[in-house]
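Work through the exercises below with the sequence and the 3D structure at hand, trying each task before reading its solution.

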Amino acid sequence: MPAEADHTDKTTCVIAGGGPAGIMLGLLLARGGVEVTVMEKHADFLRDFRGDTVHASTLRLLDELGLAGEFARMPHREIDTLQMKIQGTEVGIDLSRIPGPHKYIALVPQWDFLELLAAAAAKEPTFRLLRNSEVLAPIRRGDKVIGVRYRDSTGQLCEMHAELTVACDGRSSTLRDAMGLKPRSFGAPMDVWWFRLPRKPDDPHGLAGVLGAGNACIVIDRGDYYQIAYVIPKGRDAQLRAQGIEALHSAVVSLVPWLAGRVDALTSFDEVKLLDVQLNRLRRWYTDGLLLIGDAAHAMSPVGGVGINLAVADAVAAAGVLAGPLLAGTVSTRQLFRVQARRWLPAVLIQSVQRVIHARAIAVAVSASEPAKPPLLVRVATKVPALRTVAGYAVAIGPLPEHIPRFARR
C-alpha cells in the first residue's frame with residue numbers, strides 16, 4: 001500500500017511533465033478558462049542537448065498565440081538550407097519554397113522556448129506550474145485515473161485529484177509504465193553523440209550532414225558554435241569511448257575535413273552526451289481519465305528534428321478537443337479517442353519515413369566498411385527540384401499541421 005499523502009489538492013486537468021507538450025497544453029487550456037496544473041520535476045528548464053529546433057509549423061503557432069514578438073527578441077538562429085552528402089552524393093534542401101511566412105527552421109535553446117510559453121501561461125488566472133514536483137504514480141478509482149501522487153518541492157508526498165490527467169513525461173513516462181502500457185518498438189540502428197565545436201564568423205551557414213562509410217555526422221550552425229550530432233551504431237557507446245577522444249577527432253575530420261582545426265577543443269568524453277535513440281508508439285494513447293501525448297505516446301527518432309514540433313501539435317489538438325468538455329466536466333474516453341484519431345496519422349507517417357531513412361541510409365552509413373551506393377530517392381532528388389521542395393515541406397511543416405484554437409489566440 002502506498003504511504004498516506006501529506007497533502008491533497010484538486011484541479012480540473014493535471015499535466016505530468018513541463019516539456020513542450022505539457023507547457024503548451026497548459027497554456028492553451030488556461031486560455032480556454034480551464035483550471036490546469038503542470039508538474040515539472042526539475043527546478044528549471046535548463047537541460048542541455050535537448051531538441052532545439054522550432055520548425056515553421058510551430059513558428060506559425062507562436063504567431064497565432066501572439067508570441068511572435070517575444071520569440072523574435074530571443075537569441076536564435078535561422079536555418080534556411082539543409083545540405084546533405086549521402087554516400088558521396090550531395091543533395092540540398094532550400095526552405096525558401098515552402099508556404100507560409102516562416103521559410104526556415106529556428107534553433108533556440110529549449111529552456112528559452114519553454115520559459116516563453118510558461119511566462120505566457122502564468123498570465124492566465126487558471127494556470128499553475130509546480131516546479132520541483134515529481135509525479136510518482138497515477139491515482140486510480142477502479143479502472144479510472146483520477147489524478148496523481150507526487151513529491152512536492154519540500155519532499156512531501158502529495159495527491160492531486162483531477163478530471164483528466166495528461167502524461168507529457170517523455171519517452172520514459174512514469175505514468176505510462178505505472179499503467180502497464182507498452183509501446184511497440186520499431187528499433188533503431190544508431191545512437192547519437194552530441195557535442196560542441198567552435199564556429200568562426202566566416203564558416204558555412206546552415207545545417208550540413210555527411211553519411212559516409214562506417215560513420216555519419218550532422219553539423220548544426222548555432223551562431224557562435226556548432227552543435228555536432230555524431231552517429232554511432234546502436235549500443236556501441238562504451239566500446240567506442242574506450243578508443244579514446246583522439247579516435248573521435250579523426251572520425252569527425254574524415255567526414256568534415258574543414259573541422260580539423262576545431263576538434264582539439266573537444267578534450268574529453270565528459271563533453272560528449274549520449275542520446276539513446278528510440279522509435280516507438282503506443283497502440284492506444286489513453287485510458288479512462290488519462291491521455292498520453294508527445295514522446296509518452298510516440299518516441300521519435302532525431303531524424304528531421306521533428307520531435308518537439310510533433311509534441312506541440314499533439315498539445316494543440318488535445319486543447320481544441322478537450323477544453324470544452326473539461327469546462328463542462330464531461331470528458332469521456334470518446335473525446336480522448338478523438339485526440340488520438342486526429343494525431344495518429346501524422347505520427348505514423350513521420351515514423352514510417354524515419355524507419356525508411358534508418359534502414360536505407362543510416363544503417364548503411366554506420367555499418368559499411370566502404371562507400372555504398374546512395375539510396376535511389378537521393379539520386380532522384382538531385383535531379384528533381386520538386387522532390388527537394390516536398391522534403392523541405394515535410395521537415396519544416398509536416399503532415400496535417402495544427403492551428404491554435406480560436407479561444408486561445410491573441
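This is a predicted model: local features need pLDDT of at least 70, side-chain atom pairs count only at pLDDT 80 or more; totals for chains, interfaces and linings use all residues.

**Exercise 1. Describe the second largest pocket, its volume and its lining.**

Begin with the rule: on a 1 Å grid over the protein atoms alone, a cavity is a set of points where a 1.4 Å probe fits but cannot get out, whereas a pocket is an open set with protein on both sides within 12 Å along at least five of seven lines, and lining residues have an atom within 4 Å of a point. Grid points are joined across faces, edges and corners, and a volume is the space filled by probe spheres set on the points.

By this rule the second largest pocket holds about 330 Å³ of space. Its lining consists of 21 residues, and A208, G209, V210, V256 and W258 are those that lie nearest the centre. At least two lining residues come from each of β5 (81-86), β14 (207-211), β15 (216-221) and α7 (245-255). Sorted by class, the lining of this pocket has 11 nonpolar, 7 polar and 3 charged residues, where Ala, Val, Leu, Ile, Met, Phe, Trp, Tyr, Cys and Pro count as nonpolar, Asp, Glu, Lys and Arg as charged, and the others, Gly among them, as polar.

**Exercise 2. Find which side of α11 is buried, and what covers the buried residues.**

First take the helix as a whole: α11 (385-396) has 12 residues and reaches 17 Å from its first C-alpha to its last, close to the 16 Å expected at 1.5 Å a residue, the expected span being 1.5 Å times one less than the number of residues.

Then list the buried residues of α11, which are G392, V395 and A396. They lie on the same side of α11, because they cover an arc of only 80° around the axis, the arc being that of the directions from the helix axis to the C-beta atoms. An α-helix has 3.6 residues a turn, so residues three or four places apart point the same way. A386 and V390 are exposed on the other side of α11.

Finally, the cover over the buried residues of α11 includes α2 (56-65), β5, β6 (89-94) and β7 (105-107). Just after the helix, G398 takes a positive phi of about 85°. In the segment after α11 lies L400, whose phi is near 50°, a positive value in a residue other than glycine; L400 counts as partly exposed, because its relative accessibility is 48%.

**Exercise 3. State how many cavities of 30 Å³ or more there are, and describe the lining of the largest cavity.**

The count comes to 1 cavity of 30 Å³ or more, and about 170 Å³ of space lies in the largest cavity. Its lining is made up of 19 residues, with S57, N309, L310, A313 and I397 nearest the centre. The elements that give two or more residues to this lining are α2, α8 (307-328), α9 and α11, and α8 gives the most, with 4 residues. By class, the lining of the largest cavity has 12 nonpolar, 5 polar and 2 charged residues.

Terms used: Residues are numbered from 1 along each chain as its sequence is written. Side-chain values use heavy atoms; hydrogens and water are left out. Buried means under 20% relative accessible area, exposed over 50%, partly exposed in between (1.4 Å probe, protein chains only). Contact means heavy atoms within 4.5 Å.
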